[in-house]
Amino acid sequence: MCGVGGEFQMKRLLKLKVNGEDHEIFTEPWKVLSEVLREELQLTGVKEGCKEGYCGACTVLINGMAVKSCLILSYQAQGKDIQTIEGLGKDGLHPLQQAFIDHFALQCGFCTPGMILAAKAFLDENPEPTEEEIRRGLVGNFCRCNRIREDR
């Protein structure tokens, strides 16, 4: 479609259900979900780290499953239930959020929302995991503050 002055416009209506609320947004079809959540809905708990699905900072829950929102086109999320960290703590701190505080699992906080949401999805599937299962369950999320540097 051509817009005013011959500008090329490709924005389309996007309907998303985020944190229990319905949203209608006009956006470009090539935008990934993390961009739409941050830029259009101002849900800045969704972090954009690597933009390649490696770090897990952009993790959200889609229909209860942990998904790296930088790897999914926003239009693929239509008709699905999306939960961000803002929705998890909507009615006060979720027990996982409190556990992160109680056990000093916060450093700079950049990775924390993705870690908490990945942990929630994991614990919903496996409520009494072993330490090894936890390590495997969170393998797609990493903390840059705790990363061991090889040059030390």
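Modeller: E48 is partly exposed, because its relative accessibility is 23% (buried means under 20% relative accessible area, exposed over 50%, partly exposed in between, with a 1.4 Å probe and protein chains only). This is a predicted model, where local features need pLDDT of at least 70, side-chain atom pairs count only at pLDDT 80 or more, and totals for chains, interfaces and linings use all residues. Residues are numbered from 1 along each chain as its sequence is written, and side-chain values use heavy atoms, with hydrogens and water left out.

Biologist: Which residue forms a salt bridge with E48?

Modeller: K51 does, with the closest N and O atoms 3.9 Å apart. A salt bridge is a side-chain nitrogen of Lys or Arg within 4 Å of a carboxyl oxygen of Asp or Glu. K51 is exposed, at 51%.

Biologist: Which residues do shared partners join into one network?

Modeller: Salt bridges link E28, K31, E39 and E40 in that way. Within it, E28 and K31 meet at 3.9 Å, N to O. E28 is buried at 17% relative accessibility, and K31 is buried at 14%.

Biologist: How many salt bridges are found in the whole structure?

Modeller: The search finds nine. One of them joins E21 and K90 at 3.4 Å, N to O. E21 lies in strand β2 (residues 21-27) and K90 in the loop between α2 and α3, so the pair ties together parts 69 residues apart in sequence. Helices (H or I, at least four residues) and strands (E, at least two) are DSSP runs, numbered from the N terminus.
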